[in-house]
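Biologist: I'd like to learn how to read a model like this one. Could you walk me through it?

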Amino acid sequence: MNKNYLPLYFAFAIVFGILIGSYFGGGSNTSFFASKSSNEAKIKRLIDYIQRDYVDSVNTDNLLDGAITQILGKLDPHSVYIPKENLQQVTENMQGNFVGIGVQFRMIKDSITVIQPIKGGPSIKAGIKAGDRILMANKDTLYGKNLRSNGVPKFLKGEPNTKIDLQVYRKTNDSLFTVSLKRGKVAIKSVDVSYMINDSIGYIKLERFARTTYREFKLALTKLQGKGMTDLVLDLRGNGGGYIDIANKIVDEFLEDGKLIVFTKDNKGNVDESFSTSKGSFEKGGLYILIDQNSASASEIVAGALQDNDRGTTIGRRSFGKGLVQEEKDLGDGSAIRLTIARYYTPTGRSIQKPYEKGKGKNYSRDIDNRIKSGELLNKDSIKVVDSLKFKTPKGKIVYGGGGIVPDVFVAVDTTSYLNNFYFNTIQNFAFDLVDNNRREFSKVSINDFISSYDIDKAYNSYLKQINNRLTDTRRRLNSRHRPSEKSKAFIKQYLKATIASQVYGDEGFYRIIQSDDKMLLKVLELESSN
(Lines give C-alpha, C1' and ligand atoms only; values in the text may rest on other atoms or scores of the structure.)
Protein backbone atom coordinates (compact mmCIF):
# COMPACT_ATOMS: atom_id res chain seq x y z
CA MET A 1 0.00 0.00 0.00
CA ASN A 2 1.19 3.52 -0.82
CA LYS A 3 2.57 5.08 2.38
CA ASN A 4 0.68 8.28 1.59
CA TYR A 5 -2.56 6.38 2.17
CA LEU A 6 -1.63 4.95 5.56
CA PRO A 7 -3.25 7.68 7.71
CA LEU A 8 -6.38 7.41 5.58
CA TYR A 9 -6.32 3.61 5.82
CA PHE A 10 -6.10 3.61 9.61
CA ALA A 11 -8.82 6.25 9.82
CA PHE A 12 -11.06 3.86 7.90
CA ALA A 13 -10.05 1.05 10.23
CA ILE A 14 -10.95 3.04 13.33
CA VAL A 15 -14.31 4.16 11.98
CA PHE A 16 -15.24 0.68 10.77
CA GLY A 17 -13.97 -0.78 14.00
CA ILE A 18 -16.49 1.29 15.91
CA LEU A 19 -19.28 0.39 13.48
CA ILE A 20 -18.58 -3.34 13.32
CA GLY A 21 -18.07 -3.50 17.07
CA SER A 22 -21.44 -1.91 17.75
CA TYR A 23 -23.10 -4.00 15.03
CA PHE A 24 -21.93 -7.40 16.23
CA GLY A 25 -22.22 -6.44 19.87
CA GLY A 26 -25.90 -5.73 19.31
CA GLY A 27 -26.52 -9.18 17.80
CA SER A 28 -28.33 -7.84 14.71
CA ASN A 29 -28.69 -10.19 11.71
CA THR A 30 -29.00 -7.42 9.14
CA SER A 31 -26.16 -5.52 7.53
CA PHE A 32 -25.25 -2.29 9.26
CA PHE A 33 -25.15 -0.69 5.81
CA ALA A 34 -28.92 -1.21 5.60
CA SER A 35 -29.71 0.60 8.86
CA LYS A 36 -30.70 4.26 8.95
CA SER A 37 -28.47 5.09 11.89
CA SER A 38 -26.23 8.09 12.37
CA ASN A 39 -23.26 5.74 11.98
CA GLU A 40 -24.34 4.94 8.44
CA ALA A 41 -24.65 8.62 7.61
CA LYS A 42 -21.23 9.29 9.12
CA ILE A 43 -19.42 6.65 7.09
CA LYS A 44 -21.24 7.62 3.89
CA ARG A 45 -20.22 11.23 4.43
CA LEU A 46 -16.60 10.18 4.96
CA ILE A 47 -16.56 8.22 1.70
CA ASP A 48 -18.17 11.12 -0.15
CA TYR A 49 -15.51 13.54 1.16
CA ILE A 50 -12.70 11.24 0.08
CA GLN A 51 -14.13 10.64 -3.38
CA ARG A 52 -14.86 14.33 -3.97
CA ASP A 53 -12.11 16.23 -2.18
CA TYR A 54 -9.08 14.03 -1.44
CA VAL A 55 -5.94 15.31 -3.15
CA ASP A 56 -5.11 12.02 -4.93
CA SER A 57 -7.21 9.48 -6.77
CA VAL A 58 -8.26 6.75 -4.32
CA ASN A 59 -10.00 3.41 -4.78
CA THR A 60 -12.35 3.50 -1.79
CA ASP A 61 -13.37 -0.12 -2.35
CA ASN A 62 -9.78 -1.20 -1.75
CA LEU A 63 -9.58 1.04 1.30
CA LEU A 64 -12.73 -0.51 2.70
CA ASP A 65 -11.49 -4.07 2.09
CA GLY A 66 -8.20 -3.24 3.80
CA ALA A 67 -9.96 -1.66 6.76
CA ILE A 68 -12.21 -4.69 7.30
CA THR A 69 -9.21 -7.03 7.09
CA GLN A 70 -7.35 -4.89 9.61
CA ILE A 71 -10.30 -4.92 12.03
CA LEU A 72 -10.81 -8.68 11.89
CA GLY A 73 -7.08 -9.17 12.40
CA LYS A 74 -7.48 -7.48 15.79
CA LEU A 75 -9.98 -10.14 16.93
CA ASP A 76 -8.41 -13.59 16.47
CA PRO A 77 -6.36 -15.46 13.85
CA HIS A 78 -9.37 -17.18 12.27
CA SER A 79 -11.86 -14.32 11.81
CA VAL A 80 -11.21 -13.35 8.19
CA TYR A 81 -12.56 -11.25 5.35
CA ILE A 82 -13.40 -12.95 2.04
CA PRO A 83 -13.47 -10.50 -0.91
CA LYS A 84 -16.20 -11.10 -3.46
CA GLU A 85 -13.68 -12.22 -6.10
CA ASN A 86 -12.58 -15.06 -3.79
CA LEU A 87 -15.92 -16.04 -2.30
CA GLN A 88 -16.99 -18.39 -5.11
CA GLN A 89 -13.87 -20.54 -4.83
CA VAL A 90 -14.11 -20.65 -1.03
CA THR A 91 -17.78 -21.63 -1.26
CA GLU A 92 -17.04 -24.35 -3.83
CA ASN A 93 -14.41 -25.92 -1.60
CA MET A 94 -16.76 -25.94 1.36
CA GLN A 95 -19.74 -27.26 -0.61
CA GLY A 96 -17.58 -29.93 -2.26
CA ASN A 97 -18.49 -29.19 -5.87
CA PHE A 98 -18.29 -26.62 -8.65
CA VAL A 99 -19.95 -26.09 -12.04
CA GLY A 100 -17.66 -26.71 -14.99
CA ILE A 101 -16.48 -29.37 -17.43
CA GLY A 102 -14.66 -31.53 -14.86
CA VAL A 103 -10.99 -32.03 -15.68
CA GLN A 104 -7.73 -32.06 -13.75
CA PHE A 105 -5.24 -30.23 -15.96
CA ARG A 106 -1.76 -28.75 -16.18
CA MET A 107 -0.33 -26.14 -18.50
CA ILE A 108 2.25 -28.09 -20.55
CA LYS A 109 4.13 -26.35 -23.33
CA ASP A 110 1.55 -23.57 -23.25
CA SER A 111 -1.39 -25.94 -23.77
CA ILE A 112 -4.17 -27.00 -21.39
CA THR A 113 -3.39 -30.69 -20.97
CA VAL A 114 -5.86 -33.04 -19.29
CA ILE A 115 -4.22 -35.07 -16.54
CA GLN A 116 -7.44 -36.88 -15.59
CA PRO A 117 -11.11 -36.26 -16.40
CA ILE A 118 -13.03 -36.20 -13.11
CA LYS A 119 -15.32 -39.15 -12.46
CA GLY A 120 -18.99 -38.28 -12.90
CA GLY A 121 -18.21 -34.96 -14.59
CA PRO A 122 -19.34 -33.76 -18.05
CA SER A 123 -15.94 -34.30 -19.70
CA ILE A 124 -15.56 -37.98 -18.90
CA LYS A 125 -19.13 -38.58 -20.09
CA ALA A 126 -18.28 -36.76 -23.34
CA GLY A 127 -15.23 -38.93 -23.98
CA ILE A 128 -12.41 -36.60 -22.91
CA LYS A 129 -9.32 -38.64 -21.99
CA ALA A 130 -6.08 -38.14 -20.09
CA GLY A 131 -3.50 -36.54 -22.37
CA ASP A 132 -6.01 -34.59 -24.46
CA ARG A 133 -5.09 -30.98 -25.20
CA ILE A 134 -7.92 -28.45 -25.00
CA LEU A 135 -7.11 -25.89 -27.69
CA MET A 136 -10.30 -23.81 -27.79
CA ALA A 137 -13.38 -23.28 -25.62
CA ASN A 138 -16.22 -21.88 -27.73
CA LYS A 139 -14.48 -19.08 -29.64
CA ASP A 140 -11.65 -18.54 -27.16
CA THR A 141 -8.21 -19.77 -28.21
CA LEU A 142 -6.49 -21.27 -25.16
CA TYR A 143 -3.08 -22.34 -26.47
CA GLY A 144 -0.06 -20.16 -27.16
CA LYS A 145 -1.46 -17.43 -24.92
CA ASN A 146 0.89 -17.80 -21.93
CA LEU A 147 -2.12 -18.57 -19.75
CA ARG A 148 -1.46 -19.35 -16.12
CA SER A 149 -3.29 -22.29 -14.56
CA ASN A 150 -5.38 -19.98 -12.35
CA GLY A 151 -6.56 -18.11 -15.45
CA VAL A 152 -8.01 -21.20 -17.17
CA PRO A 153 -11.15 -21.90 -15.06
CA LYS A 154 -12.92 -18.74 -16.22
CA PHE A 155 -13.07 -20.23 -19.73
CA LEU A 156 -14.27 -23.66 -18.59
CA LYS A 157 -16.57 -22.90 -15.65
CA GLY A 158 -20.00 -21.34 -16.01
CA GLU A 159 -23.68 -21.69 -15.21
CA PRO A 160 -25.25 -25.16 -14.96
CA ASN A 161 -26.37 -26.71 -18.28
CA THR A 162 -24.70 -24.02 -20.41
CA LYS A 163 -23.24 -25.41 -23.64
CA ILE A 164 -19.52 -25.31 -24.37
CA ASP A 165 -17.74 -26.46 -27.53
CA LEU A 166 -14.18 -27.71 -27.01
CA GLN A 167 -11.61 -28.16 -29.75
CA VAL A 168 -9.39 -31.05 -28.64
CA TYR A 169 -6.12 -32.53 -29.90
CA ARG A 170 -5.49 -36.20 -29.06
CA LYS A 171 -1.87 -37.26 -29.35
CA THR A 172 -2.43 -41.02 -29.23
CA ASN A 173 -4.03 -41.01 -32.69
CA ASP A 174 -2.90 -37.56 -33.89
CA SER A 175 -6.46 -36.30 -34.27
CA LEU A 176 -8.15 -32.92 -33.93
CA PHE A 177 -11.86 -32.89 -33.12
CA THR A 178 -14.66 -30.92 -31.44
CA VAL A 179 -16.60 -32.03 -28.37
CA SER A 180 -19.88 -30.36 -27.38
CA LEU A 181 -21.04 -30.73 -23.79
CA LYS A 182 -23.00 -28.98 -21.07
CA ARG A 183 -21.39 -27.69 -17.91
CA GLY A 184 -22.55 -29.44 -14.78
CA LYS A 185 -21.79 -30.05 -11.12
CA VAL A 186 -18.37 -31.57 -10.58
CA ALA A 187 -17.39 -33.12 -7.26
CA ILE A 188 -14.33 -31.86 -5.39
CA LYS A 189 -13.01 -35.01 -3.78
CA SER A 190 -12.88 -35.23 0.00
CA VAL A 191 -11.76 -38.85 0.14
CA ASP A 192 -8.42 -38.74 -1.65
CA VAL A 193 -8.08 -42.50 -1.66
CA SER A 194 -9.32 -45.65 0.05
CA TYR A 195 -7.86 -49.14 -0.28
CA MET A 196 -6.97 -52.30 1.63
CA ILE A 197 -3.42 -52.22 3.04
CA ASN A 198 -3.61 -55.97 3.62
CA ASP A 199 -6.34 -58.59 4.06
CA SER A 200 -7.72 -56.99 7.24
CA ILE A 201 -6.60 -53.33 7.41
CA GLY A 202 -8.38 -50.67 5.38
CA TYR A 203 -7.20 -47.13 4.74
CA ILE A 204 -9.15 -43.90 4.10
CA LYS A 205 -7.54 -40.51 3.59
CA LEU A 206 -9.75 -37.46 4.17
CA GLU A 207 -8.70 -34.18 2.56
CA ARG A 208 -11.41 -31.87 3.99
CA PHE A 209 -14.76 -31.78 5.78
CA ALA A 210 -17.05 -30.37 3.09
CA ARG A 211 -20.79 -30.82 2.62
CA THR A 212 -20.19 -33.93 0.48
CA THR A 213 -17.51 -35.49 2.70
CA TYR A 214 -19.68 -37.74 4.85
CA ARG A 215 -21.35 -39.33 1.83
CA GLU A 216 -17.96 -40.03 0.24
CA PHE A 217 -16.58 -41.36 3.51
CA LYS A 218 -19.56 -43.64 4.10
CA LEU A 219 -19.27 -45.11 0.59
CA ALA A 220 -15.55 -45.78 1.11
CA LEU A 221 -16.15 -47.30 4.56
CA THR A 222 -18.88 -49.60 3.27
CA LYS A 223 -16.73 -50.67 0.32
CA LEU A 224 -13.81 -51.59 2.60
CA GLN A 225 -16.10 -53.45 4.98
CA GLY A 226 -17.30 -55.45 2.01
CA LYS A 227 -13.69 -56.47 1.38
CA GLY A 228 -13.35 -57.93 4.87
CA MET A 229 -11.88 -54.94 6.73
CA THR A 230 -11.62 -55.47 10.50
CA ASP A 231 -9.31 -52.51 11.25
CA LEU A 232 -9.35 -49.02 9.76
CA VAL A 233 -6.67 -46.36 9.35
CA LEU A 234 -8.29 -42.91 9.13
CA ASP A 235 -5.69 -40.49 7.76
CA LEU A 236 -6.31 -36.85 8.74
CA ARG A 237 -2.79 -35.59 8.04
CA GLY A 238 -2.84 -32.19 6.37
CA ASN A 239 -6.63 -31.93 6.71
CA GLY A 240 -7.41 -28.30 7.52
CA GLY A 241 -10.98 -28.95 8.63
CA GLY A 242 -14.39 -27.72 7.52
CA TYR A 243 -17.92 -28.24 8.81
CA ILE A 244 -18.29 -29.40 12.44
CA ASP A 245 -21.53 -31.27 11.78
CA ILE A 246 -19.80 -33.36 9.09
CA ALA A 247 -17.02 -34.20 11.55
CA ASN A 248 -19.68 -35.26 14.06
CA LYS A 249 -21.30 -37.60 11.53
CA ILE A 250 -17.99 -39.31 10.84
CA VAL A 251 -17.23 -39.71 14.56
CA ASP A 252 -20.72 -41.19 14.99
CA GLU A 253 -19.69 -44.12 12.77
CA PHE A 254 -17.19 -45.20 15.44
CA LEU A 255 -18.93 -44.50 18.77
CA GLU A 256 -21.70 -46.29 20.60
CA ASP A 257 -24.99 -44.51 21.21
CA GLY A 258 -25.05 -41.56 23.62
CA LYS A 259 -21.34 -40.63 23.72
CA LEU A 260 -20.45 -36.94 23.82
CA ILE A 261 -18.58 -35.96 20.63
CA VAL A 262 -17.96 -32.23 21.09
CA PHE A 263 -19.52 -29.18 22.72
CA THR A 264 -19.31 -25.49 21.89
CA LYS A 265 -19.66 -22.43 24.09
CA ASP A 266 -20.47 -18.92 22.83
CA ASN A 267 -19.89 -15.46 24.34
CA LYS A 268 -23.09 -15.70 26.38
CA GLY A 269 -22.12 -19.02 27.92
CA ASN A 270 -24.60 -21.00 25.85
CA VAL A 271 -23.46 -24.61 25.46
CA ASP A 272 -24.36 -26.77 22.49
CA GLU A 273 -23.55 -30.50 22.82
CA SER A 274 -23.36 -33.16 20.10
CA PHE A 275 -23.82 -36.85 20.92
CA SER A 276 -23.35 -40.06 18.98
CA THR A 277 -26.34 -42.12 17.88
CA SER A 278 -26.99 -45.81 17.34
CA LYS A 279 -26.35 -45.49 13.59
CA GLY A 280 -22.60 -46.19 13.65
CA SER A 281 -21.48 -49.02 11.38
CA PHE A 282 -17.91 -49.43 12.70
CA GLU A 283 -18.25 -49.23 16.47
CA LYS A 284 -16.26 -52.37 17.31
CA GLY A 285 -13.48 -52.60 14.71
CA GLY A 286 -9.87 -51.60 15.34
CA LEU A 287 -9.23 -47.92 14.63
CA TYR A 288 -6.09 -45.84 14.05
CA ILE A 289 -6.24 -42.06 13.52
CA LEU A 290 -3.26 -40.38 11.82
CA ILE A 291 -2.64 -36.68 12.54
CA ASP A 292 0.17 -34.20 12.07
CA GLN A 293 0.95 -30.54 12.67
CA ASN A 294 -1.32 -29.54 9.78
CA SER A 295 -4.41 -31.41 11.01
CA ALA A 296 -6.75 -28.67 12.18
CA SER A 297 -10.26 -27.74 13.29
CA ALA A 298 -12.74 -30.48 12.28
CA SER A 299 -9.83 -32.95 12.09
CA GLU A 300 -9.09 -32.17 15.72
CA ILE A 301 -12.74 -32.62 16.65
CA VAL A 302 -12.60 -36.15 15.21
CA ALA A 303 -9.25 -37.01 16.80
CA GLY A 304 -10.19 -35.43 20.15
CA ALA A 305 -13.61 -37.08 20.34
CA LEU A 306 -12.21 -40.52 19.65
CA GLN A 307 -9.26 -40.06 22.01
CA ASP A 308 -11.44 -38.76 24.84
CA ASN A 309 -13.85 -41.67 24.41
CA ASP A 310 -10.97 -44.19 24.53
CA ARG A 311 -11.77 -45.25 20.98
CA GLY A 312 -8.87 -46.27 18.76
CA THR A 313 -5.24 -45.15 18.80
CA THR A 314 -4.12 -41.68 17.68
CA ILE A 315 -0.76 -41.75 15.89
CA GLY A 316 1.52 -38.99 14.64
CA ARG A 317 2.44 -35.52 15.83
CA ARG A 318 0.66 -32.79 17.79
CA SER A 319 -2.14 -31.30 15.70
CA PHE A 320 -2.44 -27.65 14.68
CA GLY A 321 -4.48 -26.37 17.64
CA LYS A 322 -7.58 -24.62 16.24
CA GLY A 323 -10.50 -24.66 18.66
CA LEU A 324 -12.49 -21.68 17.39
CA VAL A 325 -15.79 -21.94 15.52
CA GLN A 326 -16.48 -19.59 12.59
CA GLU A 327 -19.75 -18.61 10.95
CA GLU A 328 -19.90 -17.00 7.52
CA LYS A 329 -21.77 -13.68 7.40
CA ASP A 330 -22.76 -11.99 4.15
CA LEU A 331 -21.76 -8.32 3.78
CA GLY A 332 -24.31 -7.66 1.05
CA ASP A 333 -22.02 -6.89 -1.89
CA GLY A 334 -20.80 -10.40 -2.77
CA SER A 335 -18.15 -10.40 -0.05
CA ALA A 336 -18.37 -12.05 3.36
CA ILE A 337 -16.60 -12.48 6.66
CA ARG A 338 -15.95 -15.59 8.69
CA LEU A 339 -16.46 -14.50 12.29
CA THR A 340 -15.49 -16.57 15.31
CA ILE A 341 -18.70 -17.14 17.27
CA ALA A 342 -17.75 -19.88 19.77
CA ARG A 343 -15.05 -22.17 21.11
CA TYR A 344 -15.30 -25.92 20.87
CA TYR A 345 -14.27 -28.42 23.53
CA THR A 346 -13.54 -32.13 23.43
CA PRO A 347 -15.64 -34.55 25.56
CA THR A 348 -13.31 -34.32 28.58
CA GLY A 349 -13.71 -30.53 28.53
CA ARG A 350 -10.39 -29.51 27.03
CA SER A 351 -9.98 -26.61 24.65
CA ILE A 352 -7.34 -27.40 22.06
CA GLN A 353 -7.02 -23.84 20.76
CA LYS A 354 -3.36 -22.89 20.97
CA PRO A 355 -2.56 -19.53 22.61
CA TYR A 356 -2.71 -16.35 20.55
CA GLU A 357 -2.43 -12.63 21.16
CA LYS A 358 -5.07 -10.46 19.56
CA GLY A 359 -3.66 -8.44 16.69
CA LYS A 360 -0.45 -10.47 16.47
CA GLY A 361 -1.25 -12.89 13.67
CA LYS A 362 2.37 -13.13 12.51
CA ASN A 363 3.43 -14.72 15.78
CA TYR A 364 0.56 -17.19 15.48
CA SER A 365 1.45 -18.14 11.93
CA ARG A 366 5.05 -18.84 12.95
CA ASP A 367 3.98 -21.58 15.37
CA ILE A 368 4.97 -24.41 12.99
CA ASP A 369 8.41 -22.84 12.49
CA ASN A 370 8.79 -22.71 16.26
CA ARG A 371 7.91 -26.40 16.50
CA ILE A 372 10.65 -27.18 13.98
CA LYS A 373 13.20 -25.11 15.90
CA SER A 374 12.25 -26.66 19.24
CA GLY A 375 12.65 -30.18 17.87
CA GLU A 376 9.01 -31.07 18.56
CA LEU A 377 8.55 -32.66 15.13
CA LEU A 378 11.42 -35.03 15.84
CA ASN A 379 11.05 -35.80 19.53
CA LYS A 380 7.94 -36.33 21.65
CA ASP A 381 9.75 -35.07 24.76
CA SER A 382 9.95 -31.63 23.10
CA ILE A 383 6.15 -31.25 23.11
CA LYS A 384 5.27 -28.71 25.79
CA VAL A 385 2.22 -29.58 27.87
CA VAL A 386 0.68 -27.68 30.79
CA ASP A 387 -0.11 -29.64 33.95
CA SER A 388 -3.01 -27.33 34.77
CA LEU A 389 -4.64 -28.38 31.49
CA LYS A 390 -4.48 -32.09 32.27
CA PHE A 391 -7.63 -34.14 31.73
CA LYS A 392 -8.51 -37.81 32.19
CA THR A 393 -10.54 -40.07 29.88
CA PRO A 394 -13.11 -42.58 31.22
CA LYS A 395 -10.45 -45.32 31.17
CA GLY A 396 -7.91 -43.15 32.97
CA LYS A 397 -5.75 -42.02 30.07
CA ILE A 398 -4.16 -38.57 30.56
CA VAL A 399 -4.79 -36.02 27.80
CA TYR A 400 -3.90 -32.35 27.59
CA GLY A 401 -5.60 -29.18 26.40
CA GLY A 402 -4.09 -25.84 25.47
CA GLY A 403 -2.82 -26.43 21.97
CA GLY A 404 -3.70 -29.30 19.66
CA ILE A 405 -4.21 -33.03 20.11
CA VAL A 406 -1.13 -34.84 21.44
CA PRO A 407 -1.16 -38.32 19.87
CA ASP A 408 -1.14 -41.55 21.87
CA VAL A 409 1.79 -42.78 19.78
CA PHE A 410 4.37 -40.28 18.51
CA VAL A 411 5.97 -40.64 15.07
CA ALA A 412 8.70 -38.17 14.08
CA VAL A 413 8.63 -36.35 10.76
CA ASP A 414 10.51 -38.19 8.01
CA THR A 415 13.29 -35.81 6.99
CA THR A 416 14.32 -38.01 4.04
CA SER A 417 10.87 -37.77 2.37
CA TYR A 418 11.42 -34.30 0.99
CA LEU A 419 11.90 -32.96 -2.54
CA ASN A 420 13.01 -29.44 -3.36
CA ASN A 421 11.17 -27.64 -6.15
CA PHE A 422 13.80 -28.62 -8.71
CA TYR A 423 13.10 -32.33 -8.31
CA PHE A 424 9.37 -31.89 -7.80
CA ASN A 425 8.85 -29.94 -11.03
CA THR A 426 11.19 -31.97 -13.20
CA ILE A 427 9.76 -35.30 -11.98
CA GLN A 428 6.22 -34.10 -12.67
CA ASN A 429 7.16 -33.08 -16.21
CA PHE A 430 9.19 -36.24 -16.92
CA ALA A 431 6.44 -38.55 -15.64
CA PHE A 432 3.80 -36.87 -17.76
CA ASP A 433 5.89 -37.06 -20.94
CA LEU A 434 6.77 -40.71 -20.26
CA VAL A 435 3.11 -41.70 -19.84
CA ASP A 436 1.91 -39.41 -22.64
CA ASN A 437 4.27 -41.14 -25.11
CA ASN A 438 3.32 -44.65 -23.98
CA ARG A 439 -0.37 -44.51 -23.01
CA ARG A 440 -1.37 -47.61 -24.94
CA GLU A 441 1.38 -49.69 -23.32
CA PHE A 442 0.53 -48.48 -19.82
CA SER A 443 -3.19 -49.13 -20.36
CA LYS A 444 -2.44 -52.85 -20.67
CA VAL A 445 -0.77 -53.06 -17.22
CA SER A 446 -2.85 -53.54 -14.05
CA ILE A 447 -2.12 -51.39 -11.01
CA ASN A 448 -0.94 -54.41 -9.00
CA ASP A 449 1.45 -55.50 -11.77
CA PHE A 450 2.81 -51.96 -12.07
CA ILE A 451 3.44 -51.70 -8.33
CA SER A 452 5.16 -55.08 -8.12
CA SER A 453 7.21 -55.17 -11.32
CA TYR A 454 7.67 -51.79 -13.00
CA ASP A 455 11.36 -51.15 -13.76
CA ILE A 456 11.83 -47.83 -11.99
CA ASP A 457 15.63 -47.96 -12.34
CA LYS A 458 15.33 -47.61 -16.10
CA ALA A 459 12.96 -44.65 -15.76
CA TYR A 460 15.16 -43.09 -13.07
CA ASN A 461 18.29 -43.27 -15.26
CA SER A 462 16.39 -41.72 -18.17
CA TYR A 463 15.18 -38.97 -15.86
CA LEU A 464 18.69 -38.16 -14.64
CA LYS A 465 20.00 -38.15 -18.21
CA GLN A 466 17.23 -35.82 -19.33
CA ILE A 467 17.71 -33.20 -16.63
CA ASN A 468 21.50 -33.36 -17.09
CA ASN A 469 21.21 -32.81 -20.85
CA ARG A 470 19.04 -29.76 -20.32
CA LEU A 471 21.70 -27.97 -18.32
CA THR A 472 24.60 -26.09 -19.86
CA ASP A 473 28.05 -26.72 -18.38
CA THR A 474 27.80 -23.50 -16.37
CA ARG A 475 24.32 -24.26 -15.06
CA ARG A 476 25.37 -27.85 -14.34
CA ARG A 477 28.05 -26.54 -12.01
CA LEU A 478 25.62 -24.05 -10.44
CA ASN A 479 23.07 -26.79 -9.95
CA SER A 480 25.45 -29.29 -8.40
CA ARG A 481 23.38 -28.92 -5.25
CA HIS A 482 20.60 -30.74 -7.09
CA ARG A 483 22.63 -33.91 -7.44
CA PRO A 484 20.86 -36.48 -5.31
CA SER A 485 22.61 -37.79 -2.25
CA GLU A 486 22.66 -41.51 -1.57
CA LYS A 487 20.01 -40.98 1.10
CA SER A 488 17.64 -39.16 -1.23
CA LYS A 489 18.03 -41.43 -4.27
CA ALA A 490 15.66 -44.06 -2.91
CA PHE A 491 12.96 -41.49 -2.21
CA ILE A 492 13.40 -39.82 -5.62
CA LYS A 493 12.91 -43.22 -7.26
CA GLN A 494 9.86 -43.88 -5.14
CA TYR A 495 8.36 -40.47 -5.88
CA LEU A 496 9.05 -40.88 -9.60
CA LYS A 497 7.31 -44.27 -9.63
CA ALA A 498 4.38 -42.87 -7.65
CA THR A 499 4.04 -39.90 -10.01
CA ILE A 500 4.03 -42.16 -13.06
CA ALA A 501 1.37 -44.31 -11.35
CA SER A 502 -0.76 -41.25 -10.60
CA GLN A 503 -0.79 -40.36 -14.31
CA VAL A 504 -2.05 -43.85 -15.19
CA TYR A 505 -4.11 -45.04 -12.22
CA GLY A 506 -5.01 -41.81 -10.40
CA ASP A 507 -4.61 -41.14 -6.68
CA GLU A 508 -4.72 -44.80 -5.64
CA GLY A 509 -1.61 -45.52 -7.70
CA PHE A 510 0.23 -42.59 -6.16
CA TYR A 511 -0.66 -43.32 -2.54
CA ARG A 512 -0.11 -47.07 -2.63
CA ILE A 513 3.47 -46.50 -3.81
CA ILE A 514 4.39 -43.41 -1.81
CA GLN A 515 3.01 -44.98 1.38
CA SER A 516 4.85 -48.28 1.03
CA ASP A 517 7.37 -47.09 3.63
CA ASP A 518 5.23 -44.45 5.36
CA LYS A 519 6.44 -44.28 8.97
CA MET A 520 2.97 -43.87 10.44
CA LEU A 521 1.54 -46.77 8.47
CA LEU A 522 4.52 -48.90 9.43
CA LYS A 523 3.77 -48.00 13.05
CA VAL A 524 0.18 -49.20 12.55
CA LEU A 525 1.46 -52.55 11.25
CA GLU A 526 3.86 -52.77 14.18
CA LEU A 527 1.05 -52.15 16.69
CA GLU A 528 -1.18 -54.66 14.93
CA SER A 529 1.45 -57.39 15.06
CA SER A 530 1.99 -56.80 18.79
CA ASN A 531 -1.72 -57.17 19.65
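Predicted model: local features only at pLDDT ≥ 70, side-chain atom pairs only at ≥ 80, totals over all residues.

Biologist: Is Thr314 buried or exposed?

Modeller: The general idea is to look at relative accessible area, where a value under 20% counts as buried. For Thr314 the value is 0%, so this residue is buried.

Biologist: Which residues is Thr314 in contact with, leaving aside neighbours within four places in sequence?

Modeller: Thr314 touches Ile289, Ile291, Ala303, Gln307, Pro407, Asp408 and Val409.

Biologist: And what about the whole chain: what share of its residues is buried?

Modeller: Of the 531 residues, 45% are buried. The chain has 19 helices and 21 strands. Among contacts with a separation of 6 or more, 69% join residues 24 or more positions apart.

Biologist: Now a helix pair, please. At what angle do H12 and H17 pack?

Modeller: Helix H12 (residues 421-436) and helix H17 (residues 486-505) pack at about 45°, and their axes are 9 Å apart. The crossing of H12 past H17 is right-handed.

Biologist: Which residues meet there?

Modeller: From H12 they include Tyr423, Phe424, Ile427 and Gln428, and from H17 they include Ile492, Tyr495, Leu496 and Thr499. By class, this contact has 13 nonpolar and 3 polar residues, with no charged ones.

How values were computed:
Residues numbered from 1 in each chain as written. Heavy atoms only, no water. Axes fitted to C-alpha atoms, helices over the stretch in contact; angles between N-to-C directions. Helix = DSSP H or I, 4+ residues; strand = E, 2+ residues; numbered from the N terminus. Left-handed = near helix turned anticlockwise from the far one by under 90°. Contact = heavy atoms within 4.5 Å. Nonpolar A, V, L, I, M, F, W, Y, C, P; charged D, E, K, R; others polar. Buried < 20%, exposed > 50% of the residue type's maximum accessible area, 1.4 Å probe, protein only.
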